[in-house]
Number of protein chains: 2
Amino acid sequence: MPGHGPPFDEREYRSRLQRTKDRMAEAGIDVLFCSDPSNMNYLSGYDGWSFYVHQGLIVSREHDQPVWVGRDMDAKGARVTTWLDDDHVRAYGDDHVHSPVDKHPMDFVAGVVEDMGLADRTLGVEMDAYYYTARTHQRLQDNLPEADFVDADLLVNWVRCVKSDAELEYMEQAAKISEAAMQAGIDTIGEGVTEADAAAEIYHTLVDGVEAFGGDYPSIVPLMPSGDNTGTPHLTWTDREFQQGDPVIIELAGCRHRYHSPLARTTYVGGAPDDVQETADIVVEGLNAVLDTAEPGVTAETVERAWRDVISSYGIEKAERIGYSMGLGYPPDWGEHTASLRPKDETVLEENMTFHVIPGLWFDDYGVEISESFKVTSNGCETLADFPRQLFTS
Amino acid sequence: MPGHGPPFDEREYRSRLQRTKDRMAEAGIDVLFCSDPSNMNYLSGYDGWSFYVHQGLIVSREHDQPVWVGRDMDAKGARVTTWLDDDHVRAYGDDHVHSPVDKHPMDFVAGVVEDMGLADRTLGVEMDAYYYTARTHQRLQDNLPEADFVDADLLVNWVRCVKSDAELEYMEQAAKISEAAMQAGIDTIGEGVTEADAAAEIYHTLVDGVEAFGGDYPSIVPLMPSGDNTGTPHLTWTDREFQQGDPVIIELAGCRHRYHSPLARTTYVGGAPDDVQETADIVVEGLNAVLDTAEPGVTAETVERAWRDVISSYGIEKAERIGYSMGLGYPPDWGEHTASLRPKDETVLEENMTFHVIPGLWFDDYGVEISESFKVTSNGCETLADFPRQLFTS
């Protein structure tokens, strides 16, 4: 579906909106201000790299459509990418952008809330969402003294957990891109190749996509901790050259219409020693146990326990988060911040939930990580990508 | 300088820290909590894609070094990338990550502030910084009832405005990458090529870099509004194919060690009609006037007026922000959020400040944007990149 129109039909957006309104009603919330770009996209279709300025979506239970509020130069993009009527796009002037504190975009947002006749309602805000800053909250409160503010963090994120068939189709397309990009990474990495070279090839594939469709930008750059740094998962590439004997963990995600399908594999420059191969075998066994366990009705913590039972049979004890619900996302994350595969998380898996399970084992001088993204089916789960679940050699 | 060590020597970091402490003293701030990843990097060297979880740097005027606080799995990365002693890296457990609200990373941060004996001090926080969420602020306040909270937003950003020679060297390297990536974009764009194809080639060059060095990831993805959408600057690429007669604006930035050198050019698929060429000529004339005006002692608003005087001589009236201070950055922005080239900004330009000036003119069916990044020199300014300042044909 080329071009910038919304990637889902209006019926799908209306269904998402209704489920959001239902949750708002349960929580006693009249009006929800979404500033998480993923939640804005989920409910309106809005898609643009404009989250570096303040923006949001006002969802009112009393109104048929949400109202997009953002910067004037982004209003046209909102009219193009959302299903909303043009009069539901409201924009503040550029003099509000990175301006001294006397003119803040939230002053304008508060005015829109007033115009909508909602200034004295119960207003839900996403207290811990990216881009909902402390000042944003303060200015909204100052400007809406009659409103009753409540924390609605993650309300929409929880609605997002169970995917529609159309969403799953984009995630499966993203998985095709992940497969191609992973292959590009494994093929490129080798002695004397720089980390930047490998990242460039991976990025090229992530964006160029596969024959049938191109890729969107992933919410997290490809990560490739290598050598001594396999235990530092979030360092990005440098000009360092890979060396014989380097373990390299590749974590990446293809992306389609902002839907991700993350994938991680470990490769070994020049071939792995026996102990690394044995570690990889344990990781694969544990990962397979997870995939055998995940099904509707099972809890997130039960899924994690399947992994832990395997590694403890090898004398390894650790109880950590090994995965999380994911899908739609904007930088800096593709995770949904809802269900985690970890001890004490009692979320019950449902059909069409999607997770990235990324277990790993780290020792002093190397680590092995092998992951899968999967969807919960009616009676089990299926991985989104089809890529050999093994340790590689580069 | 391959590998993950800090890209500047300790003396440079200590100079930055001292200038920050001086500003803190002027503002009556004892302790500063930086959560903007750019400010964390500027003062400590910390570099990792970990800003999707809460983290920060505690800068105390009573302490010799700042203290990095973040997630346990990122602590090793902090030890590797910063100049800080290992005991100045403090980490919270993974059970704080995307956890129900009863365990928040700021509870841990408050504990570190207490351990440092600073719980009753005047504490500056970056109220409108990315990732300093409303809940972050609330939890810090709840946990530090004796502290006096003050808004220290942009305090470090203002310190960052004037660059060192070492910073300028990275920005000049970034400009070399920008030139190569712009050429790749202009060369790739053409009738029947998809936007994703062009973005893939640009990204490949941005990351692969030039012969002497690789590139870092830019804080904003390459933007290429085209056709009717040149007036929607923040839409990202799709699978749409470029068509004969499409204007395409390419905005990108090479990046080295997180330092950017943004660059924008406009190209026209199949060649531009006369009116577009005339518009481009006006933009170039206005841009040249800006570059002739910028020098130490001149105000930001005076620089903008040079542009406005040119366009008004052609009967075009608009008074907008045409540029901003920039350099070090993390997603979602490479701008510093300090000085803007716009009416009413009275910031006085100083030697070694760096700006991206990106003026443009938009009409109903097309727009032209041509930009330069420049550094202020002792008696004028110099562009960082050397790329023909003209309208292109693809």
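How many Å separate the centres of domain 1 of chain A and domain 2 of chain A, taken over C-alpha atoms? The legends below begin with that separation.

The model is predicted, so that local features need pLDDT of at least 70 and side-chain atom pairs count only at pLDDT 80 or more, whereas totals for chains, interfaces and linings use all residues. Residues are numbered from 1 along each chain as its sequence is written, and chains are lettered from A and ligands numbered from 1 in the order in which they are written.

**View 1. The two domains of chain A.** Chain A comprises domain 1 (10-159) and domain 2 (165-393), with bounds from an automatic or database domain assignment. Their centres, taken over C-alpha atoms, are separated by 33 Å.

**View 2. The contact between the domains of chain A.** In domain 1 of chain A, 11 residues are in contact with 9 residues of domain 2 of chain A (C-beta atoms, placed from the backbone, within 7 Å). On the domain 1 side, helix 2 (37-44) and helix 6 (155-160) of chain A each supply at least two residues; helix 2 of chain A gives the most, with 4 residues. Helices are DSSP runs of H or I with at least four residues, and strands are runs of E with at least two, numbered from the N terminus.

**View 3. Helix 8 of chain A.** Helix 8 (residues 195-208) of chain A has 14 residues, and 14 of its 14 residues are buried (20 or more other C-beta atoms within 10 Å of a residue's own, all placed from the backbone). Gly209(A), with a positive phi near 80°, follows helix 8 of chain A.

**View 4. The contact between chains A and B.** Chain B and chain A each contribute 64 residues to the contact. On the chain B side, helix 8 of chain B provides the largest share, 8 residues.

Technical notes: Expected span 1.5 Å × (residues − 1). Buried ≥ 20, exposed ≤ 12 C-beta atoms within 10 Å, placed from the backbone. Contact = placed C-beta atoms within 7 Å.
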